[in-house]
Amino acid sequence: MGVSGKTKFLLLFLRISTKWQMSIREEISFIFKNVPLSNKGKRRPCYLSLPTVYLDEWRLFIYKLIATLNRQRQEVKAVALAKIRILNVDLSTGGTNIQELDEKISKRYIGGRGVGTYLLSTILKGDEDPLSPENPLLFATGPLTGTTAPTGGRYMVLCKSPLTGLVACSNSGGQFGSELRRTGFDVICITGRSDSAVYLYVTDGLVEIRGAAHLWGLDTHETTDSLKEEIGSDSVKIACIGPAGEKKVRFACIINDKHRAAGRSGVGAVMGSKNLKAVVVKGSHRPEPHNRDRFMEIVKKRLEILKSNPVTGQGLPSLGTKVLDNIINEHGAYPTRNFQTGVFEHTDEVCGEALVEKGYLKKNRGCYACPIKCARVTSLPTGNKGEGPEYESGWALGAAVGVEDLIAITEANYLCNLLGMDTISCGMTLACAMELYEKGYIKKDELDGGPALRFGSSEALVFYTRQMGVKEGLGKRLAEGSLRLAKSYGASELSMSVKGQELPAYDPRGVQGQGLSYATSNRGGCHVRAYMIAPEVLGIPEKLDPQATEGKAQWVKIFQDLTAVIDSMGMCLFTSFALGAEDYLDILNGFTGHDYTMEEMMECGERIWNLERLLNIRFGLTADMDTLPRRLLHEAMPQGPQKGHTVRLSEMLPEYYKIRGWDNDGIPSSKTLERLDLKTV
Amino acid sequence: MAVECKIFGTLRLASGIDRLLLDIPEKSVPLRRILEELGQRKGLDELKKLAQNRNGESLPFILLLQGKNVFDLDGLETVVKDGQRVSIFPPSGGG
Ligand code: SF4
């Protein structure tokens with residue numbers, strides 16, 4: 001490209017500038033600090049703004065040039081033991097900067113979830129409105145993200161949740177996280193609010209804030225396709241929100257790579273509140289292990305374990321997570337019609353086996369560097385195609401609302417992905433609405449002409465799922481989540497939620513330890529903070545009696561701590577069906593070159609758990625919120641193998657507090673804080 | 001006696017059997033016997049191996065008798081009676 005006129009002028013400045021910032025709205029503005037004005041060495045800042053209409057021709061050229069300059073100036077290399085690099089973007093001002101995390105902190109919090117939580121604790125005072133510009137939104141990768149470690153493609157999205165008012169911390173896979181790490185940034189921390197719709201384009205060591213008015217209103221697939229076309233590259237990776245995030249549905253999610261979701265706690269609504277439609281990443285820096293040969297050996301050994309283990313090598317690849325439908329239903333803990341019972345009489349019609357036998361399952365697919373490949377690629381006789389349903393989604397849009405029509409379930413699942421909504425909260429809010437309707441709280445005239453909100457109605461399922469996502473009619477009220485909805489009718493007990501977040505697909509009346517895990521989860525109703533189903537139902541790593549309460553507190557604590565480690569490393573929790581704590585220790589030390597002992601690594605998990613707890617307390621959490629819906633504590637399971645049981649939480653919770661080193665009010669004691677280096681928080 | 005056997009997961013996909021009624025002359029048998037019987041069938045040979053493996057209890061097969069995990073009862077020696085239901089899952093996980 002020829003260089004003349006304005007460009008030449010610009011280049012002149014660029015070549016001699018030492019520091020610059022830029023932002024793009026209707027115009028592109030460069031702020032050069034320290035520009036030498038003459039040969040005598042006089043320097044001053046220089047501001048330059050040009051309307052974007054001029055830029056079409058030479059914008060790319062300038063970007064390329066800036067990228068070169070930038071690379072020369074800043075070695076953007078994600079090497080082992082390198083400092084964690086945080087890209088700060090303030091959408092209110094358009095300003096950006098790079099921050100390096102103190103190594104002591106990185107070692108203490110590992111990365112991903114841990115480092116993200118640490119950063120939240122340094123930013124949030126406590127009383128911020130989750131949908132205000134003050135609430136930061138973090139995309140955080142772990143040390144293993146983007147490496148060859150099996151399932152090393154996971155990342156976390158963190159903020160204060162608009163659904164629970166507590167810590168939101170949602171994990172996702174796909175290809176986005178690994179690509180983000182390759183840009184040379186480990187964490188993107190987004191604050192403020194843009195005046196108009198924008199998206200971030202992050203490449204090797206560079207960030208651009210670009211206009212996204214033309215993308216606003218598009219669903220997640222349209223957004224992803226448009227961005228790839230606009231950027232002219234199929235290899236960029238994209239995380240975006242759909243209409244639900246734009247409209248701040250309290251359980252809106254962030255969808256990356258079209259089919260993977262940072263699903264829970266409303267992280268998509270926070271992204272929408274910032275007028276941020278998408279984050280696009282493209283990088284070329286492979287994270288380098290501390291000792292490549294040794295790390296490759298460690299990885300090879302773990303890959304073999306994952307391949308030969310019957311769960312991760314066979315069960316998950318062939319049937320995906322939906323292998324659980326029958327297991328949990330036969331066990332009598334498959335929550336049906338808003339947890340009114342634990343046996344769904346139509347499970348045969350909607351289970352994972354049926355998805356295969358009916359021919360809807362086309363193939364399995366995996367996230368980055370994943371040998372397990374549990375994702376389902378499906379297509380329906382209606383002609384629609386997509387991914388899912390997974391176990392949780394299939395249940396929330398199936399048994400939870402009493403629907404036995406696998407096509408409707410899958411369609412509703414596709415809709416959630418397109419609109420950008422968490423399937424669990426969506427299904428369970430609908431289930432709550434159905435119970436409210438059947439019990440006479442929601443009146444017919446409130447339906448705005450929509451279908452009757454009856455359990456089992458596939459018509460209602462698909463209709464209200466859409467209404468929620470676009471906030472129309474009754475959807476406006478449903479978009480607030482089940483607790484706010486039920487409360488508005490004076491019937492909060494019909495919301496099957498913990499701390500305001502809807503419960504997932506296991507009735508804890510049949511799995512006591514899972515009940516404790518729900519009640520104490522730092523993000524409310526959630527199964528992936530301590531997956532007690534593994535020992536209590538599946539017999540992994542050993543079989544525990546699901547109705548026993550003794551010893552469960554200790555199990556829950558260990559699972560919570562280890563899960564925090566796995567999440568922070570950037571690996572998928574599903575590896576833990578085959579791998580043990582020693583394996584994670586080996587992988588972590590092997591890549592980073594650190595020399596964690598087992599105790600130290602587990603202490604990191606415990607530290608992260610306690611920091612989340614402290615943050616929640618700062619946000620207003622009290623011990624009485626460590627509980628379950630009344631139904632699960634006081635209404636005996638009416639039928640099936642778990643008939644007659646309730647959750648005996650009071651037999652486990654005090655012990656749990658004690659083991660955690662918390663006082664009777666659930667507050668970490670000063671001894672505990674000292675031990676975990678959390679005194680200053 | 002007659003025992004209802006339900007087969008799930010990859011075992012079901014491999015054998016094409018989702019449920020069958022097993023007729024056994026005895027009045028009650030240990031679960032191990034039932035697994036041996038089922039293991040004769042095509043696609044279910046893994047169950048034979050499971051029944052033969054004396055340490056098989058530690059394998060994460062999920063075997064439910066009337067919805068109760070037999071490993072919380074007497075493992076493969078758990079007594080199965082007429083009219084009861086056995087659900088058999090290969091090692092599975094998800095979430
Ligand atoms: S196990 Fe499934 S969810 Fe986990 S990384 Fe692999 S494909 Fe993704």
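Me: What does buried mean for a residue of this model?
Reply: A residue is buried when its relative accessible area is under 20%, exposed when over 50%, and partly exposed in between, with a 1.4 Å probe and protein chains only. The model is a predicted one, in which local features need pLDDT of at least 70 and side-chain atom pairs count only at pLDDT 80 or more, while totals for chains, interfaces and linings use all residues. Residues are numbered from 1 along each chain as its sequence is written, chains are lettered from A and ligands numbered from 1 in the order in which they are written, and side-chain values use heavy atoms, with hydrogens and water left out.

Me: What makes H4(A) mostly covered?
Reply: Nine of the twelve residues of H4(A) are buried. Among them are Gly112(A), Val115(A), Leu119(A) and Leu120(A). In chain A as a whole, 64% of the 681 residues count as buried.

Me: How do you know that the span of helix H4 of chain A agrees with its number of residues?
Reply: The expected span of a helix is 1.5 Å times one less than its number of residues. Helix H4 (residues 112-123) of chain A has twelve residues and should therefore span 16 Å; its end C-alpha atoms are 16 Å apart, so the two agree. Helices are DSSP runs of H or I with at least four residues, and strands are runs of E with at least two, numbered from the N terminus. Chain A holds 27 helices and 20 strands.

Me: Why is Thr203(A) called buried?
Reply: The relative accessible area of Thr203(A) is 17%, so this residue is buried. Thr203(A) belongs to strand S10 (residues 198-203) of chain A. Leaving aside neighbours within four places in sequence, Thr203(A) is in contact (heavy atoms within 4.5 Å) with Thr183(A), Phe185(A) and Lys282(A).

Me: What makes the pair Glu357(A) and Arg12(B) a salt bridge?
Reply: A salt bridge is a side-chain nitrogen of Lys or Arg within 4 Å of a carboxyl oxygen of Asp or Glu. The closest N and O atoms of Glu357(A) and Arg12(B) are 3.3 Å apart, and the pair forms a salt bridge. Five salt bridges are counted between chain B and chain A. On the side of chain B that touches chain A, the elements giving two or more residues are helix H1 (9-15), strand S4 (62-65), strand S5 (68-69) and strand S7 (85-89) of chain B. H1(B) provides the largest share, four residues.

Me: How is the area between chain B and chain A defined, and what is its value?
Reply: Buried area is the accessible area (1.4 Å probe) that two parts lose on being put together, summed over both. For chain B and chain A this area is about 2,300 Å², with carbon and sulfur atoms giving 58%. The contact involves 24 residues of chain B and 35 residues of chain A.
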